[in-house]
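Here is a friendly briefing to read with the structure open beside you. Take the topics one by one, and look for each residue as it comes up.

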Amino acid sequence: MAANQPNSNSLNNKNPEPLILTYLAHKGYKQTEAMFRQESTRNFPIDQNNDTMTPNFLSYSNYPNYTTYSNYTNINPPDIYKQSYTALRKWIEGSLDKFKDELQRILWPIFVHSYLELVSRGFSDHATEFFEEFQLDHKMHSRELGTMRVIKYSHHVQENEFAKNFRSKKYPIQMSSISYDIFFDFLQDNPPNGSSNSFLFRLVNQSLNIEVGTSHTDVGIPSFSAQELEEYNKHELHLGHMPMHPEFREEIEKTLREQDEIYQRQFEEENQLGINEDQTNGIPASLYQEFVNKVKREQSSDAPDRMSIPLPSHKEADVLAQVETIKDLRLRVELGPSSTLPSVCFYTFFNTYDSLNCLTISEDTSLIAGGFSDSYIKIYSLKHEKLRGLRGRINPAEINTASDLENAREKVGSDCKRLLGHSGPVFGLSFSPDNKYLISCSEDRTARLWSSDTYTNLVCYKGHNSPIWDVDFSPLGFYFVTASHDRTARLWSCDHIYPLRIFAGHISDVDTVKFHPNSKYIVTGSSDKSVRMWDIQGGRCLRLFSGHTGGISCISISDDGRLMASAGEDKSIMLWDLGSGKLLKKMLGHKSTVYSLDFSKESSILVSGGSDCTVRLWDVKKGTSDSPNEDEHYLSKIRMDIDENRSHSSLAKQKQITETKDLIATLPTKQTPVYKIHFTRRNLCLAAGAYVPTEEELTESMGYNEQKST
């Protein structure tokens, strides 16, 4: 789009030489300007598809005192690689934080090319020393580092697929124009006279393909061009629902038939006694038939193998939970943009704005839990029932029956329960599908499993090296996944205290994580502005989603497993097709970071909430056809007008830019950022957040507290 380029009119000219010469003269690059005039027939290549300028740094063949590239490489002493890399590394570390993230991406390709050149020239000892000293800079590329470690001799470079692939093509890096100018200034600090900068100049020109855009240019996926990313996203997926075990299904059907018989007898008895005055609806819909219809709807050709995810044997409680799900399904309200919009029930937490970090709601909507900065968790009842924990310590050996457990409970319950165990702020919470357990994660680098029946800590899971930001229970139970500051996500099972899988690939914090509805995959969102989809069996990354211009704070996957929505710091919501890995559309409307997303049960409406204190409803299907997105075309035109005449842009135009046409409704709160959005099984939308008091309210509160203390 036009917003992603410095000046679309200038860059699309067929003859950009005058523009480049003007730029070099303005910057004072006299030597470069002179050489460019001599090589006036050599133009900067322009990517006509992306409208981005891809500058090639000046080739050293332009310098009269330099030999050809191959000769130049051979005359360089081996120490120059270490010196150049160290100088670049030191300069990037000292740069402004605003540009450091983009500039640090340069280090990896320079590191790889330097190592491979040292090996190919026969300096194996220098290559090993170089590798050992700087490998810790690139821990996120652990697989590639393992491959590089075995490349010791020049013939290895010619035979190894990784080495051949890396040397045969330039490494793509997208960079803002400001970052590019800063980097170019660094390389121009010293003229090419044998200094480390001159060597870097040649190495960068040889190994990097830098695409220059605006500061909002997407950072892309490291080492993947757009074409390679499209090829990568062709991995086969099984997005259908997980088939039930035959025995489990038979038990559910048997229980539902018994329930139907009970309902039918009650209905007939009420009719005979004249209790049921409203007989227009007849006998209630069959639970068994509802279940059969549900199973038919979920059948698909791309369903995963039931044996691909080991699960413990089902219990009677699992059967009863499925029965309750079918009862809710019978009472579900069908939603749609043109028919029925969802009702939203909002829960506001007072006096917690500076301490409440996260919220989660149980599947049966009986409980809501909050994680606090003071290292504790609070569970609240949503059904006006008192929560009864255990009376002090008990001996588990003495609890054999349900009556024993009931006798061990408190006589009088309370509206909320406080769970203590973490030694740092609690950042993530998730209830199990059967509502019996709660999993939490904290800055203390641990995850803890709690019983929502006894309100006690059951297990402490350790494995992450840094604070854990998010956690999510599998829709099938038994498994959960965590996301951490250590740039990894990890898969756990409730009966193991160590992780089963480690998902590594993000180059920054993994901030949010979500299970796919069939539990065969997980999706992670990161501060590196990308979203990844992983196979939990092999730990492989199967999809890469790139397009956001800020960190990802929340993810939601539709119940049918076909769509995924992501949002975060860039205020936009992106809708993706998981099957193809393609972006369907971008939704604009929020004025600040989006904290939470959730699809309605039929996936026709998406609801979002964020720090702008609004709940917003979106039409999922509008603008997702094969035809070009009208909103994107409209926004591109408006942005181009503003780029050309920014001083004359009106407030009305600015408002139009920030809202796409698929926004159905905006529901403002009274100064309450929305932390959590959750659709119940009956399609009721629940939302929750912590109220932020005004300055007057804070002043009054402080005065009241002082008066009370006096």
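## Salt bridges and the parts they join

Arg562 has a relative accessibility of 29%, so it counts as partly exposed; the bands are under 20% relative accessible area for buried, over 50% for exposed and partly exposed in between, with a 1.4 Å probe and protein chains only. The model is predicted, so local features need pLDDT of at least 70 and side-chain atom pairs count only at pLDDT 80 or more, while totals for chains, interfaces and linings use all residues. Residues are numbered from 1 along each chain as its sequence is written, and side-chain values use heavy atoms, leaving out hydrogens and water.

**Arg562 and its partner**

- The side chain of Arg562 meets that of Asp302 in a salt bridge, at 2.5 Å from N to O; the term stands for a side-chain nitrogen of Lys or Arg within 4 Å of a carboxyl oxygen of Asp or Glu.
- Asp302 sits in the loop between α16 (287–298) and α17 (316–330), and Arg562 in the loop between β22 and β23 (563–568), so this pair ties together parts that are 260 residues apart in sequence.
- Helices (H or I, at least four residues) and strands (E, at least two) are DSSP runs, numbered from the N terminus.
- Asp302 counts as buried because its relative accessibility is 16%.

**Other salt bridges**

- How many salt bridges does the structure hold? There are 20 of them.
- Asp137 and Arg89 form one through their side chains, with 2.6 Å from N to O.
- Asp137 belongs to the loop between α8 (124–134) and α9 (142–149), while Arg89 belongs to helix α5 (residues 79–93), so the pair ties together parts that are 48 residues apart in sequence.
- Asp137 is partly exposed at 25% relative accessibility, and Arg89 is partly exposed at 31%.
- Arg681 and Asp328 also meet in a salt bridge, at 3.0 Å from N to O.
- That pair links distant parts of the chain, 353 residues apart: Arg681 is in the loop between β30 (674–679) and β31 (685–690), and Asp328 is in helix α17.
- Arg681 is buried, with a relative accessible area of 13%, and Asp328 counts as buried at 13% relative accessibility.

**Helix α17**

- The helix α17 has 15 residues and reaches 22 Å from its first C-alpha to its last.
- That is close to the 21 Å expected at 1.5 Å a residue, where the expected span is 1.5 Å times one less than the number of residues.
- Buried residues in α17 include Val319, Val323, Ile326 and Asp328.
- Which helices do the buried residues of α17 pack against? They pack against α15 (246–273) and α16, with contact meaning heavy atoms within 4.5 Å.

**A four-stranded sheet**

- Four strands form an open sheet in the order β22-β23-β24-β25, with antiparallel pairing; two strands pair if DSSP finds at least two bridges between them.
- Strands β22 (552–557) and β25 (582–588) stand at the edges with a single partner strand each, so one side of each is left without a neighbour in the sheet.
- Strand β24 (residues 572–577) pairs with β25 over six bridges in the antiparallel sense.
- In β25, Lys586 is the residue that stands opposite Met574.

**A hairpin and a buried histidine**

- Thr360 stands opposite Ala369 in β7.
- The two strands β6 and β7 form a hairpin with five residues between them, and Thr365 in the turn has a positive phi of about 55 degrees.
- His678 is found in strand β30, and His678 is buried, with a relative accessible area of 8%.
- Among the residues that His678 touches, not counting those up to four places away in sequence, are Ile361, Ser362, Asp598 and Leu686.

**The chain as a whole**

- The secondary structure comes to 21 helices and 31 strands.
- Of the 710 residues of the chain, 49% count as buried.
- Among the contacts in the chain with a separation of 6 or more, 60% come from residues 24 or more positions apart.
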